[in-house]
Amino acid sequence: MNSSADRPKPARNGWFSGMSFRSRLSWSTVLIVAIAVAATTIYTFYRTGLTNTYLTGQINDSVENQTEKELTFAAARHARDLDNFFTSASSSITTLGTSIQNLLKPYAMVNTIGSWDARNKLSRLPNGRWDNPNTEPGSIFVPAQEQLPDPLVAELNILKQIDFIAPSMLKENPDMIALFFGSMQGETLYYPNVDLAAILPPDFVVTERTWFQLASPNQNPDRKVVWAVPYQDAAQNGLVVTTSYPIYDDFNRFRGVIGADLQLAKISNQIGAIRFAQSGYAFLLDKDGRIIAMPEAGFTDLGLSQADFQGELALEPILDKVPLDIFDIVIRMTTGQNGVIKLVMNGTEKYVAYQPIPSTGYSLGIVVPISETQATLVATREQLANESQRTLINVIVSAVALLAGALL
C-alpha cells in the first residue's frame, strides 16, 4: 500500500499557475498598477470632456448674452438717431406751421399794396391753371378757374411771406427735399420752385392728398404732427414720406396743412450705412409692414423678391408675402415691440434685433449671422480642445511611465 508521500503531485496548468509565489506577486502588482492607470486615464479623459463641455456651455451662454446686449444697444442707438432725424423734420414744419398761423392772425392781414400781389404776379396757363414766375423762391399752384377770388388773393399775398422762411429751413435740413403748404381753398405753395403748375397731373387736388387728409380734423383731432405712408410724389421726386402739420387760425378754423418731404432714397442711404459684424445690415418697416428701406440681402433673407417691390408695388405691405417664421418678427416690429430673437434666414441662423422709432411708428431691424458674433467662442473652443489634447498626452505618458516602473 503506497503512502501519501509516494502519491504523484497534480500537474500545474497555465502560465500563471506555473509561476512561483514571488513571480505571481510581481505580476499581480503589475496588473493592479495597469488597471489603476487605465482607470485613472479613462476617468481623467471623461472628466476633462465634462469640464470642456461645461465650460463651452458657460462661454456659449456668456457670448450669446453679450451679443444680444450689444445688438440691443446697437439697435436702440440707431433707432434713437433715426428718431432724432425724423423729429428734426417734424420740428421744422411745426416751426413753419406756427409762423403761418401767426401770418393768418387778423392783425397780420394788413394791406399789401406795393408788395407782392397775386393778381399781378400770377398768370393763367392755357389749361386754366394759375402759375407764378420760376424766378421766385417757391412755386405757386392754383387749380384751373377763370378768375382768382378775392379771399384766395388775400391769402396768397399773406402766405407769400413764407419765401423768407422756407428756403433757409431747407438749407438747414439737407435731408428734406421739399416744404409745402396746401390750403383749404385749393392753392399750393411749394419750396423749392419746381414750376409746380407745369408738372402736376391734371387730376391733382391738394385736399385729397394723403398727407393733407391725415392732418385734417377728421383724422387728426389732436392736431399733432403726422406721417404719411410712402407714396409716389406728384412733384416727380420718386417715392417719398411726408410729415405734415395742421394749420388753424385764431377763429379755430382749419385753413390747411404744412408738409415736408423726405425722399426714401435718402432714408435708404442712412439705413444702408448701419453695419454690424462683417455682413450685418439694417432695414426699416412702417407700422403697416411696408418697406421704408431695405438692402438686397434683406429681401433674400425675408424670402421676398426685390423685383416685386418696384414703383407703386413698393408700397405694398409684406405681411402676407413672407414665410411663417418671418411673419412673427414682422408682427413684432409692426406692433412696436423691441427685442432680439434667433431665426433661420436663407438657410443660415441669424440674430434679428428690432427697435421702434416713436416719432413715426416705424421699426428698425438689424440682422447679423450668429457665426459672425461667435469669434470668441470659436477661439475658446479651440483653446479647450488643445488643452484637452495636452492633458490626454500627459496622462498617457504618465501611465506608460508607471507601467514601465511596475514592470521594472
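**Figure 1. Lining of the second largest pocket in the predicted model.** The pocket is lined by 15 residues. Those nearest its centre are Leu-214, Trp-227, Ala-228, Val-229 and Lys-287. Helix 6 (210-215) and strand 6 (226-227) each contribute at least two lining residues. By class, the lining consists of eight nonpolar, four polar and three charged residues. The space in this second largest pocket amounts to about 230 Å³.

**Figure 2. Buried face of helix 9 (residues 324-334).** The buried residues of this helix are Ile-326, Ile-329, Val-330, Met-333 and Thr-334. Viewed down the axis of helix 9, they fall within an arc of 135°, so they line one face of the helix. In an α-helix there are 3.6 residues a turn, so residues three or four places apart point the same way. Gly-336, which follows helix 9, has a positive phi, near 80°.

**Figure 3. Surroundings of Asn-132.** Asn-132 sits in the loop between strand 2 (130-131) and strand 3 (139-142). Its relative accessible area is 4%, and Asn-132 is therefore buried, the cut-off being under 20%. The Asn-132 side chain reaches two backbone atoms: the oxygen of Gly-138 at 2.8 Å and the nitrogen of Ile-140 at 2.8 Å. With neighbours within four places in sequence left aside, Asn-132 is in contact with Lys-121, Leu-122, Gly-138, Ser-139, Ile-140 and Asn-193.

How values were computed: Residues numbered from 1 in each chain as written. Predicted model: local features only at pLDDT ≥ 70, side-chain atom pairs only at ≥ 80, totals over all residues. Heavy atoms only, no water. Buried < 20%, exposed > 50% of the residue type's maximum accessible area, 1.4 Å probe, protein only. Helix = DSSP H or I, 4+ residues; strand = E, 2+ residues; numbered from the N terminus. Arc of directions from axis to C-beta. 1 Å grid on protein atoms, 1.4 Å probe; cavity = no way out; pocket = protein on both sides within 12 Å on 5 of 7 lines; lining within 4 Å. Points joined across faces, edges and corners; volume = space filled by probe spheres on them. Nonpolar A, V, L, I, M, F, W, Y, C, P; charged D, E, K, R; others polar. Polar contact = N/O pair within 3.5 Å; in protein donor to acceptor, adjacent residues only side chain to side chain. Contact = heavy atoms within 4.5 Å.
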